[in-house]
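Trainee: I would be grateful for a close look at a single part of this structure, namely the place where the two chains meet. Please take me through it in a connected way.

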Amino acid sequence: MMREKFLRLLNIAIFALVLLLLTSAQTSLWMQIFGYFPAPLLWLPIIAYVAINRTPLETIIITQIFSLIMAPATVMPEGLLMICNLGVALSVQVFKTRIYWNAATYIMMVSGGSVVLFHLLHMLGSFMVRMPDYQPLTSPSLSDWIVQAMLTPLAAPPIIWLLSFIDRLTGREMAVENMEDSWGGSR
Amino acid sequence: MNFFAFDLRKILVVIAVVALPIISINMKRAPGEAPWYQKPFSWTISLMQDSYSNFTSGVRGTTSMYMNLIGIKRQNQSLLRENEELRAQLGSIEELKLENQRLSKLLEFREQTKMKLLAAKVIARDLNPDHESIRINRGYREGLRKLQGIITVNGVVGYVVSTQMDSAQVILLTDRSASIDALVQRTRARGLTNGRSSGSLRLRYLERADDVAVGDAVVTSGSKGYFPKGFPIGRVTSVRKTDFGISQEAMVEPVVSASNLEEVFVVIESGNEDFGDRLSTGFGLPLLSKINSGTNSGPSSGGSASTTPKPTPLPQPAATPSVSSATPRPKPTP
């Protein structure tokens with residue numbers, strides 16, 4: 001039992017480390033190489049993977065932890081980032097109960113959809129946030145959204161492969177099989 | 001036995017066989033061209049030999065060409081590699097040269113100003129592309145604090161919103177949540193710039209009676225000391241005044257583009273520096289000089305800042321009752 005808990009925590013810790021690495025790569029490495037060309041949102045495949053392979057409770061906890069880890073990399077309010085990430089994660093879970101196939105194309109599709117959903121949630125959320133210095137997003141850069149929605153799915157397969165490898169390493173591969181009933185749905 | 005009984009045909013054949021070499025030898029002795037009977041053979045042979053010769057020389061040529069080609073290919077590859085290496089070296093030299101120019105410019109600027117500046121390098125950009133912020137490689141260990149101004153030689157970049165030990169998050173002027181107290185340089189009309197997340201700014205809360213024209217330079221007000229006074233922010237591209245209301249707003253194109261930021265300065269102390277005095281001297285601010293000399297097209301905009309009469313200090317926008325009653329003022333801005 002102790003070992004199982006340890007492995008679970010280790011799994012989250014390694015996922016968090018991967019998230020940090022990818023977030024840094026997106027914000028810094030990409031900028032060094034491609035300048036200000038829109039970067040793929042590399043954290044979204046991780047959120048999508050967690051949403052697909054974990055129970056809702058775990059998804060909520062992990063997503064919130066991840067949002068806190070990512071928050072220093074943006075001027076976006078933490079709360080809004082958490083809401084957007086949570087919205088994406090839970091939407092992916094609900095989507096999975098309706099449509100699912102076990103292939104790389106699925107995760108690519110979900111990643112691409114997550115990018116659009118994240119931006120829409122952010123735009124919607126920006127009108128609801130009432131903070132002294134915060135202004136709503138009235139003129140979104142749609143071209144950036146499109147480029148990101150195309151680039152993120154391309155980056156998703158290796159990330160998913162890495163996460164599955166970590167899952168296998170920490171004995172988490174059964175999580176996928178046990179989560180279907182959590183929403184009362186089936187594949 | 002009949003001694004004379006011989007076969008005449010055999011004798012003729014023997015004579016012919018014996019005679020042919022003799023005739024041939026005799027004919028060869030004679031100078032001149034080959035005998036007539038050799039002509040067809042020699043033509044055929046020469047044709048064959050020529051063909052063989054051509055064939056072998058062709059083969060030899062092709063072979064040697066092929067062999068040469070292998071060599072040329074190798075040589076070409078090596079030359080291409082060398083060319084690429086040289087080009088890379090040239091590129092890095094060019095990069096170093098440009099960096100050197102940039103840094104020299106920064107150093108010159110730093111030496112000529114009273115401000116206490118700290119040079120910083122841009123290390124990352126915002127996670128979310130709908131926000132415009134950058135991260136710099138200086139943190140509170142080097143004395144950075146929230147709201148400190150970030151500038152380049154050309155103009156204002158943004159200000160610090162959060163600091164970590166060795167890095168700080170800087171919100172760019174063009175972010176929709178960023179706002180800076182600003183002045184229209186020509187008329188000293190005071191307003192507040194707001195980013196539009198599309199590479200442009202809005203100068204808001206200008207009084208309706210304020211004289212603002214397209215091409216006017218917009219500079220920092222210098223209040224609160226986060227930025228030096230009169231430092232360039234941008235240039236007015238359009239002015240919007242509705243039929244009703246007590247204020248007007250202008251669209252401003254920032255002088256600093258976020259897309260090519262590499263090194264910036266953190267204004268640790270502005271030292272009450274006023275750049276309005278230096279505009280006419282062309283001090284280290286090429287873009288600002290350009291704005292002042294070339295784009296101010298209004299009737300009273302011809303003069304530089306030195307000829308523009310310095311107005312008396314205007315009240316803080318937040319304290320203007322007409323403005324605050326019309327639109328709620330955001331939190332104090334740098």
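Mentor: In this predicted model, 28 residues of chain B are in contact with 35 residues of chain A. Between them the two chains bury about 2400 Å², and 52% of this area lies on carbon and sulfur atoms. On the side of chain B, the residues that lose the most area to chain A are R125(B), L127(B) and R176(B), which together account for 33% of what that side buries.

Polar pairing can be considered next. There are 16 residue pairs in polar contact between chain B and chain A, counting pairs with both residues at pLDDT 80 or more.

As for secondary structure, strand 1 (116–125), strand 2 (133–136) and strand 5 (168–172) of chain B each give two or more residues to the side that touches chain A. Strand 1 of chain B supplies the largest share, with 4 residues. Sorted by class, this side of chain B comprises 11 nonpolar, 8 polar and 9 charged residues.

The largest pocket also deserves attention, with about 590 Å³ of space. It is lined by 22 residues, and those closest to its centre are V75(A), M131(A) and D133(A) together with K146(B) and V161(B). Strand 4 (156–163) and strand 5 of chain B each contribute two or more residues to this lining, the largest share being the 3 residues from strand 4 of chain B. By class, the lining holds 13 nonpolar, 5 polar and 4 charged residues.

Notes
Residues are numbered from 1 along each chain as its sequence is written. Chains are lettered from A and ligands numbered from 1 in the order in which they are written. This is a predicted model: local features need pLDDT of at least 70, side-chain atom pairs count only at pLDDT 80 or more; totals for chains, interfaces and linings use all residues. Side-chain values use heavy atoms; hydrogens and water are left out. Contact means heavy atoms within 4.5 Å. Buried area is the accessible area (1.4 Å probe) that two parts lose on being put together, summed over both. A polar contact is a pair of N or O atoms within 3.5 Å; within protein, one must be able to donate a hydrogen and the other to accept it, and residues adjacent in sequence count only if both atoms are side-chain atoms. Ala, Val, Leu, Ile, Met, Phe, Trp, Tyr, Cys and Pro count as nonpolar, Asp, Glu, Lys and Arg as charged, and the others, Gly among them, as polar. On a 1 Å grid over the protein atoms alone, a cavity is a set of points where a 1.4 Å probe fits but cannot get out, and a pocket is an open set with protein on both sides within 12 Å along at least five of seven lines; lining residues have an atom within 4 Å of a point. Grid points are joined across faces, edges and corners, and a volume is the space filled by probe spheres set on the points.
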